[in-house]
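Please look through the structure below before reading on.

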Amino acid sequence: MIEKNNILITGGAGFIGSSLANVLVPNNKVVVIDDLSMGNFENLEKSDNLTKIKGSVTDKELLEKIFKENDFDYIFHLAAIASVADSVARPLETHRVNFDSMMTILEILRSNKKSLKRLVFSSSAAVYGDEPNFPKKEESVIRPLTPYAIDKFASEKMAMIYNNLYDVPASATRFFNVYGPKQNPQSPYSGFISILVDRLKKNIPLTIFGDGEQSRDFVYIDDVIQALILIATSEDSKGQVYNVGTGNKISLNDLVELVQDITGKKLIVEYSSPREGDIKISVSDISKLKTLNFKANNSLKLGMEKYLSYEFM
């Protein structure tokens, strides 16, 4: 548990950030910064404990001002341009958000750590790229295929270096495919499940890039929040990187079947050419995360039932 602490969440109006903020804000002072390019402050519950700042993590002066005015115990750096395709199309612009912002935060903390207990950086399973062995372990070969993956890996490694060399207490997470309520299906960065649910609600075709036999490790948002808090508060996790997933995989075609079985509704599926940089198989080994007493409490069936209940209530 995290209680009676001052917390910064970058990207805190987005899907994961707002879900984390809503869990923490009843018992903590929480500052959220988001440029609202994809997030929405309406995702956040109203509270006197919450401060919302509209701004970009690429704005060094703004970040310095926020850190000068606040003494943070925990920082969750979730802000990112989370689109692999966007990083291929705009590598320099996405680099500024996905890597430069991390360097700015680390440099601010290096000279003024104050009471910081932990910085948790959110990386991605994309760092594994097309490394053929699975499930992916934290020690698996890193073979990033896109600028997005390179920036994520560079940022997590830099966080570990600042932990080891400059005593900035840091940890990192490699998210697999996160899903759940409040994920924006209109976003070009959105997860497959939120797009699937949106198409189901609107009764319009769902496009699957490739043959649909590509498999993913889908992890429900509540389990992701559990992992973030465990990693932030464990002494053993300092200077460590953790996969955050379930350890189970399912093909996109089988996922469509599961959703149809749960809802009794028929999805219209259209297949298109595979996207550049897409990976065929992605599944996590979460043995390391389990040493922190993590347990994925939501099977895909249970998580989808919760999500669909929220969307169709």
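What follows describes a predicted model, beginning with the sheet.

Seven strands make up an open sheet with parallel pairing, and their order is β3-β2-β1-β4-β5-β6-β11. The edge positions belong to β3 (50–54) and β11 (241–244); each has a single partner strand, so one side of each is left without a neighbour in the sheet. From one strand to the next, the twist averages 20 degrees.

The pairings can be followed through part of this order. Strand β1 (residues 6–10) runs parallel to β4 and is joined to β4 by four bridges. One point of reference here is Thr10, whose bridge partner in β4 is His77. Strand β4 (residues 74–77) is in turn joined to β5 by four bridges, and this pair also runs parallel.

How many residues of strand β5 are buried? Seven of the seven residues in β5 (residues 118–124) are buried, so the strand is largely enclosed by the rest of the structure. In a regular strand, side chains alternate between the two faces of the sheet. For β5, both faces are covered. Arg118, Val120, Ser122 and Ser124 are buried on one side, while Leu119, Phe121 and Ser123 are buried on the other.

Helices lie across the sheet strands as well. Helix α1 (residues 15–24) lies across β1, β2 (29–34), β4 and β6, with an angle of about 165 degrees to β1.

The axes of helix α6 (residues 192–202) and helix α8 (residues 252–263) come within 12 Å and cross at roughly 45 degrees. That angle makes α6 oblique to α8. The crossing of the two helices is right-handed. Where they meet, α6 contributes Phe192, Ile193, Leu196 and Leu200, and α8 contributes Leu252, Leu255, Val256, Val259 and Thr263.

Conventions:
Residues are numbered from 1 along each chain as its sequence is written. This is a predicted model: local features need pLDDT of at least 70, side-chain atom pairs count only at pLDDT 80 or more; totals for chains, interfaces and linings use all residues. Side-chain values use heavy atoms; hydrogens and water are left out. Buried means under 20% relative accessible area, exposed over 50%, partly exposed in between (1.4 Å probe, protein chains only). Two strands pair if DSSP finds at least two bridges between them. Axes are lines fitted to C-alpha atoms, for helices over the stretch in contact, and angles run from 0 to 180 degrees between N-to-C directions. Angles under 35 degrees count as roughly parallel, over 145 as roughly antiparallel, 65 to 115 as roughly perpendicular and the rest as oblique. A crossing is left-handed if the near helix is turned anticlockwise from the far one by less than a right angle, and right-handed if clockwise. Contact means heavy atoms within 4.5 Å.
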